[in-house]
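Me: I have a few quick questions about this one. Could you take me through it?

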Amino acid sequence: MAEHDSEHLGTGTRLVGAGRRAEWTGTAEHPGAVVNPPVYRASTHLYPDMAALRAHPANEDGKFYYGRRGAPTQWALSGALTALEPGAEGTVLYPSGVAAIMGALLTVLRPGDVLLMIDNAYEPSRAMGRGLLKDFGIETRWFDASDPAAFEAAICERTKAVLLEVPGSLTIEVCDVPGLSAIAKAHELTVVLDNTWASPLGFPALERGADIAIMSLTKHVGGHSDAMMGSASAGPQWYRKLRIRAQGLGNVVSPDDAALMLRGLRTMGLRLAQETASALAIAEWLEGRPEVAKVLCPMLPGSPGHDLWKRDFSGGCGLFSFVLKGGTSAARDALIDALTLFGIGYSWGGFESLATPVDPAPIRTASPWPLPGLADDDRFGVRLSIGLEDTADLIADLEQALGVWSAAA
Ligand SMILES: *Cc1c(COP(=O)(O)O)cnc(C)c1O
């Protein structure tokens with residue numbers, strides 16, 4: 001198979017071909033001999049002789065050196081992710097999504113700097129601001145992304161970076177990434193964006209204004225709830241700095257996990273399309289239910305952030321939330337307990353559906369909960385990660401569980 005220029009190919013075609021460099025999937029005599037890169041389980045890389053060891057380039061991508069710098073299994077994965085992210089020069093892999101976020105922040109920030117963080121960020125990202133970053137002399141301030149003027153006013157002399165997440169965790173609110181990025185650029189801030197929800201298939205983060213695009217590969221790329229990993233993709237300004245910092249932190253991912261991620265990647269487009277369609281049908285059904293005060297699903301017309309989603313995104317995924325009309329925390333627990341096809345557990349983006357409670361009030365510090373327009377007791381939410389089960393089965397399960405909620409509320 002000859003190598004091709006992938007830029008003009010469709011998403012499915014690019015997902016099939018991404019990262020499959022012939023030199024990594026074969027031998028010198030027969031490049032491209034197998035479909036997938038072998039799992040190189042290797043700490044030591046051997047040199048043919050001393051001259052080769054002495055001549056080794058200092059720190060080059062994609063060259064055998066030592067296990068911590070990876071081998072073709074990991075290089076194929078990072079190459080594939082780079083090929084899927086328009087504007088990226090390279091992609092650094094981390095042992096988890098959290099490690100990727102921290103790896104990026106420790107690349108762009110120094111003691112004394114201020115980080116602005118979106119208020120609906122993933123809670124462990126918020127914990128970095130309160131914990132490790134604070135301990136190292138970096139101050140974090142949270143902002144309400146629905147108010148660009150307040151965002152600009154929050155920028156001070158020491159502000160060096162902004163951490164965005166789109167849509168935000170739990171409430172799935174969409175922020176105006178191009179608008180906020182333009183403000184950030186005008187003040188020479190670096191924009192780090194957590195793009196786990198849409199992935200580059202639905203949101204080309206670097207093209208929309210981010211300098212560094214993060215993903216928890218644990219979610220859509222793995223897709224099977226059996227491995228953890230994170231990535232940071234960037235253009236020439238940041239890629240090499242990210243890689244050097246990740247090396248300094250000793251970050252390395254296992255070749256077995258990289259092979260699982262590559263396997264997941266091949267079907268990611270199909271899974272996302274199916275999960276998006278199913279989630280939208282379920283969101284529409286929930287919107288018509290008397291027990292539901294608000295559906296928080298940006299793909300759904302009328303949902304918060306739908307206009308921005310329509311403008312900036314070309315796809316979605318199966319993760320969304322809804323808020324119950326009144327009720328109690330115990331009734332919400334009864335609803336989740338009554339579900340038979342949804343697992344109760346953290347994470348999302350796997351082939352199986354999950355449900356978790358949504359209680360942002362103690363987490364948010366710069367924006368209100370309940371959301372504007374909702375009554376004060378419309379505060380108990382449920383987050384669903386829609387998997388690959390049949391939509392009608394999931395709706396029937398939700399219907400009987402809402403009956404249990406009504407009886408308990
Ligand atoms: C899960 C998640 C992460 C963290 O990923 P891990 O691989 O679990 O460390 C980061 N950001 C978002 C939005 C997530 O949902």
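Me: Let's begin with Tyr346: buried or exposed?
Reply: Tyr346 counts as exposed, at 75% relative accessibility. Here buried means under 20% relative accessible area, exposed means over 50%, and partly exposed is in between, with a 1.4 Å probe and protein chains only. Bear in mind that this is a predicted model: local features need pLDDT of at least 70, side-chain atom pairs count only at pLDDT 80 or more, and totals for chains, interfaces and linings use all residues. Residues are numbered from 1 along each chain as its sequence is written, and side-chain values use heavy atoms, with hydrogens and water left out.

Me: Where does Tyr346 sit?
Reply: Tyr346 is in the loop between strand E10 (343-344) and strand E11 (354-358). Helices (H or I, at least four residues) and strands (E, at least two) are DSSP runs, numbered from the N terminus.

Me: And which residues is Tyr346 in contact with, leaving aside neighbours within four places in sequence?
Reply: Those are Leu354 and Thr356. Contact means heavy atoms within 4.5 Å. As for Ala153, its C-alpha is 35 Å from that of Tyr346, and the two are 193 residues apart in sequence.

Me: What about Ser347, what is its phi?
Reply: Ser347 has a phi near 80°, which is positive although the residue is not glycine. Ser347 lies in the loop between E10 and E11 and counts as partly exposed, at 27% relative accessibility.

Me: Where is Ser225, and what is its phi?
Reply: Ser225 also has a positive phi, near 55°, in a residue other than glycine. Its place is in the loop between strand E6 (212-216) and strand E7 (230-234), and it is partly exposed with a relative accessible area of 48%. As background, most residues other than glycine have a negative phi, and most peptide bonds are trans.

Me: Changing topic: how many salt bridges does the structure hold?
Reply: There are 18, a salt bridge being a side-chain nitrogen of Lys or Arg within 4 Å of a carboxyl oxygen of Asp or Glu.

Me: Which residue does Arg243 form a salt bridge with?
Reply: Its partner is Asp61, and the closest N and O atoms are 3.0 Å apart. The pair links distant parts of the chain, 182 residues apart: Arg243 is in helix H10 (residues 239-248), while Asp61 is in the loop between helix H2 (50-54) and helix H3 (72-84). Arg243 counts as buried at 10% relative accessibility, whereas Asp61 is partly exposed at 41%.

Me: Which residue does Asp312 pair with?
Reply: Asp312 forms a salt bridge with Arg311, with 2.8 Å between the closest N and O atoms. Asp312 is buried, with 5% relative accessible area, and Arg311 is partly exposed, with 47%. Elsewhere, salt bridges that share partners join Glu139, Arg141 and Arg158 into one network.

Me: Zooming out, how many helices and strands are there?
Reply: The secondary structure comes to 15 helices and 12 strands. The radius of gyration of the protein is 22 Å, close to the 22 Å that the globule rule gives for 409 residues, so it is as compact as a globular protein of that length. That radius is taken over C-alpha atoms, and the rule is 2.2 Å times the number of residues to the power 0.38.

Me: What share of the residues counts as buried?
Reply: Of the 409 residues, 52% count as buried. Among contacts between residues at least 6 apart in sequence, 73% join residues at least 24 apart. The C-alpha atoms fill a box of roughly 75 × 50 × 35 Å, taken along the principal axes.
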